Amino acid sequence: MISIQPNHNKRLKDVLIQQGLITFDQLHAAEEEKRRRPRLLGEVLVDLKLVTPQVLQETLSLVTGFPAINLKTFSIDKGPAFLLTAQIWRDHKAIAFSKADSLISIAMADPENILLVDSLKSHLFEALEHLPNIQLYHCDPAQIENAIDSLYHSHNSLMGIQDAATEMVESILVHAIRKGASDLHFQPENQTVTIRYRLDGILRALQVLHKSYWPQLCVRLKIMANLDIAESRRPQSGRFHRFITGHDIDFRLSTHPTIFGENIVIRLLNKDKTVLTLDELGFDKAHIDYLKSASDSPQGLIILSGPTGSGKTTTLYALFSQMDFESRNIMTLEEPVEYQLPGIRQTEIKEGGIIDFADGVRSILRQDPDVIFIGEIRDEETAKMALRSAMTGHLVIATLHANDSFGVTSRLIDLGLEPSLLAGNIICAVAQRLVRKCCADCKAKGCETCDQLGYKGRTLIAEILPFDDDLDALVSKNANRLDIFKMSQIKNHPTLKDSALKKVQDGITTESEVKRVLGSLHSSF
C-alpha cells in the first residue's frame, strides 16, 4: 500500500508565482527551455538557477501533499536501499532511504508519476514476494543520484558488500554441512537469486535474495574456487577445501552461463565420512553374498548402472573396502576421487586433463593390475579397452548409464562392442536407485527430527542380473532389453521393483517415495 496525500489542484508554476518565488518572465523562459529540451518544469527551473533544489522540493510538497526530504542531512539505511539494484533506482529516479517495521520510505524525483510508481511497486513485490507499505517523498534528483553513487560505487561501501558476501557464503556453507547436504545450487533469476540445497536427493529452498546480491556472491565463490572472475560467458569448474564445523570438506564448484547470469552448483564431499558397508547401504544378504563372490572373480566385467545420484560410487567404495587389496593390485580411474581408500591406487580423471579414461586404462595395464575400476564407460574407445582388459585376465568393474540391468548389454553394443565378444565376458550387471527412508520418530508423518518431511536418510534398492550360458546366448544374438528381461524372469531374478516392494512391506520406505523414483510399483515391464 502506498501512502499518497494529494493536497489540491494547484499547479507548481501557479504556486511559485503566487509565492513570489519566480516572475512571469522567468516562467516564460523556463517553459521555452522545457519545450526545447523536454524535462520536468522543476528540473528546468533548478538548471536555470531560478529556484534552489530545496525551495523546489518544499513547493512541490505544498502542491502534491508528498513530504520533501533532504538526503544530504539524512543517514540512508542500506537494508532497504539494497533491495533493488542501482540501475533500477536510477531508472525510477528514486532511492529507499529508511525502513521502520513494514513501512519503507522512498525518495523520488517525481512521486506523482503513476507509471514509475507502479513499476517500482512491481520490482519491490518481486524482491520481497509481497507489496510493502510505502511512503513517497519529493527529493532533488541530484541528491538521489549522489546517494545511489555513494551506496553502490564508493570504495568503502564495496568493501562492506564484499565482506557481507564473504560472511553470507560462509553462513550458507555451514548450514549446508550441518544439514548433510550433498549439493548447493545458486540459481539467478530475473530479479532474485534462489539458493537451494540437495538433501536425500531432494532439492529444498534455503534462501531467496535480491539479484543485487549476486555479483558479489558470485565473485566470492569464484575466487574461492580459483576461477577467472572476469569470465562469465563460458562454463568453468574448480574446487576448494575447508574445515567446517569440525569436518574436512572438499567443494567442487561449476559455473554455467544462463540468460539471467551465471548459475553455480557446488558438490560437497565430506572427507571424514566413513565408507559404508554393503549391508549399511541397504543390500540384502543374497545380494551381498553374490557381490562378494563376483568381486573375487579373476577376470570379467561387473557393470553398475543407474542415473547420476543413484549411489553407484558409494556402492563401489563399499565393494572395494571388503576386497583383499594385500594380495591383489586394485587400481581405479575416477572423476573425481571422492574418498581415499587405503591400499588402493586411485587416479583422478579431470575433464580436459592430460589423460582420459581410455588412456588411463592403457596406462594401468602396464602396472600389473588385478582389478581395474573405470569410473564411467561413456565412449567406444573406453568400452573396447574395458572389454579387452576383461578378456586378458583382469577383473574390470565399471559404471554405465543405463536404466536397468537388462539394458546394459544393449548400451555396450550401442557403444561399439561386438555381441559375440561381449557374450561370456560379463559376470553381472547391477542396477540401483536411492529412496528416502521413513523417519524413525514419526514414520513418514513429519516431525522436528526430519524437518517435517517424514523422511530421514536414504536406502538402496537394487537388482543384480548374473550372466549365465542362457543369457550369454541371447547377448551373442544381439538380443534386446525385453528378451533379456523375459529370460531373467524365467530364472526368477528379482527386479528393482521387487526390491522396492520389500522395502515398502518392511516399513523402511513408502510406496509414494518409490513411485517418485521408479514409477508405480504395480506397472508392467
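1. Buried means under 20% relative accessible area, exposed over 50%, and partly exposed in between, with a 1.4 Å probe and protein chains only. By that cut-off, Phe97 and Tyr137 are both buried.

2. This is a predicted model: local features need pLDDT of at least 70, side-chain atom pairs count only at pLDDT 80 or more, and totals for chains, interfaces and linings use all residues. Residues are numbered from 1 along each chain as its sequence is written, and side-chain values use heavy atoms, leaving out hydrogens and water.

3. Rings of Phe, Tyr and Trp (its six-membered ring) pair if their centres lie within 6.5 Å; planes under 30 degrees apart count as stacked, over 60 as edge-to-face, the rest as tilted. The count is seven aromatic pairs. In one of them, the ring centres of Phe97 and Tyr137 are 5.2 Å apart with planes at 75°, so this pair is edge-to-face. It joins distant parts of the chain: Phe97 sits in strand E2 (residues 94-100) and Tyr137 in strand E4 (residues 133-138), 40 residues apart. Strands (E, at least two residues) are DSSP runs, numbered from the N terminus. Ring pairs also link Phe74, Phe97 and Tyr137 into a cluster.

4. Phe240 and Phe251 have ring centres 4.7 Å apart and planes at 15°, so they are stacked. Phe240 lies in strand E8 (residues 236-244), Phe251 in strand E9 (residues 247-258), eleven residues apart. Both are buried.

5. The whole structure has zero disulfides (cysteine sulfur pairs within 2.5 Å). For Cys438, the closest cysteine sulfur is in Cys442, 8.3 Å away, too far for a bond. Cys438 is buried at 14% relative accessibility; Cys139 is buried at 0%.

Key
Helix = DSSP H or I, 4+ residues; strand = E, 2+ residues; numbered from the N terminus.
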